[in-house]
Amino acid sequence: MVLLHGHPRTHATWYRVAPALAAAGFSVVCPDLRGYGRSAKPEPDPDHLVYCDRAMAADTASLMSALGHDRFAVAGHDRGAYAAFRTAMDFPDRVAALAVCDGVPIVEALERADARFAAKWWHWFFFGASPHAERVINADPFAWYRFDEAAMGGGNYEDAVAAVSDPRTVRAMLEDYRAGLTRDREHDAADRAAGRRVRAPALVMWSRFDDMEELYGDPAAVWEPWCELPVRTAVVDSGHHMAEEAPEAVAAALRSFLDRLRPW
């Protein structure tokens with residue numbers, strides 16, 4: 001299975017979840033998303049296609065092909081949830097299961113955006129629309145991101161610090177958000193208009209102490225029209241960075257969901 005991290009983390013955010021899944025018999029792949037961490041950082045394009053979720057989904061499928069896995073489960077958190085969702089939509093014959101953590105489809109989030117959303121998630125619009133974001137963040141990335149080594153764990157912290165110390169990584173992460181407000185929203189809307197839905201079994205997981213329930217009520221209800229099968233749910237007693245704050249619960253929820261589906 002593939003685990004896709006969110007912003008501004010790297011693959012190392014899964015450092016306690018991945019071993020638990022491996023111990024349960026899964027082959028676990030934890031890449032850095034395109035532009036994040038130590039992954040390739042291609043030049044952005046004016047149409048924001050280079051860093052869109054469709055490109056990241058293609059990266060995921062290509063990576064799994066290179067590793068010899070024709071079918072796989074994919075789970076993503078935060079921005080990784082969007083890439084995981086797009087992988088399931090664009091490669092339905094290859095994705096055996098989808099788990100999305102702390103996210104709803106981008107088009108759904110933007111269509112529900114109101115003053116409350118803008119106040120809580122203002123960074124979406126700063127990252128995705130402001131011409132000043134890159135300069136402001138690169139002036140002092142550690143003041144901006146405020147990583148907590150004790151909460152994150154040493155190796156995870158060091159990997160994240162190294163990532164945001166590279167201005168090319170910051171640029172790539174902002175391009176992810178620029179694509180989110182444009183191309184990713186359009187791709188979601190086109191799928192919805194065409195009646196395309198996720199064919200794989202889906203798990204919707206969210207953090208109890210984040211703002212998912214406040215913003216969306218039941219996040220699973222937002223996902224149901226996007227999935228052909230009934231969605232399963234899991235609520236984790238954690239803040240937003242669930243893989244770091246509650247790794248045992250995250251691993252247990254993924255195991256419970258995926259064990260029902262094996263063999264794929």
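How many helices and strands does the chain have? There are 15 helices and 5 strands, taken as DSSP runs (H or I of at least four residues for helices, E of at least two for strands) numbered from the N terminus.

A quick word on the ground rules. This is a predicted model, where local features need pLDDT of at least 70, side-chain atom pairs count only at pLDDT 80 or more, and totals for chains, interfaces and linings use all residues. Residues are numbered from 1 along each chain as its sequence is written, and side-chain values use heavy atoms, with hydrogens and water left out.

On overall shape, a compact globule of 264 residues would have a radius of gyration near 18 Å, and the chain agrees at 17 Å; that radius is taken over C-alpha atoms, and the globule rule is 2.2 Å times the number of residues to the power 0.38. The C-alpha atoms fill a box of roughly 50 × 45 × 40 Å along the principal axes.

Now the insides. A nonpolar core here is a set of buried Ala, Val, Leu, Ile, Met, Phe, Trp, Tyr and Cys residues joined through side-chain atoms within 4.5 Å.

| Core | Size | Some members |
|---|---|---|
| Largest | 58 residues | Val 74, Leu 98, Trp 124, Val 198, Tyr 216 |
| Second, separate | 25 residues | Phe 26, Ala 97, Met 205, Ala 243 |

Note on methods: Buried < 20%, exposed > 50% of the residue type's maximum accessible area, 1.4 Å probe, protein only.
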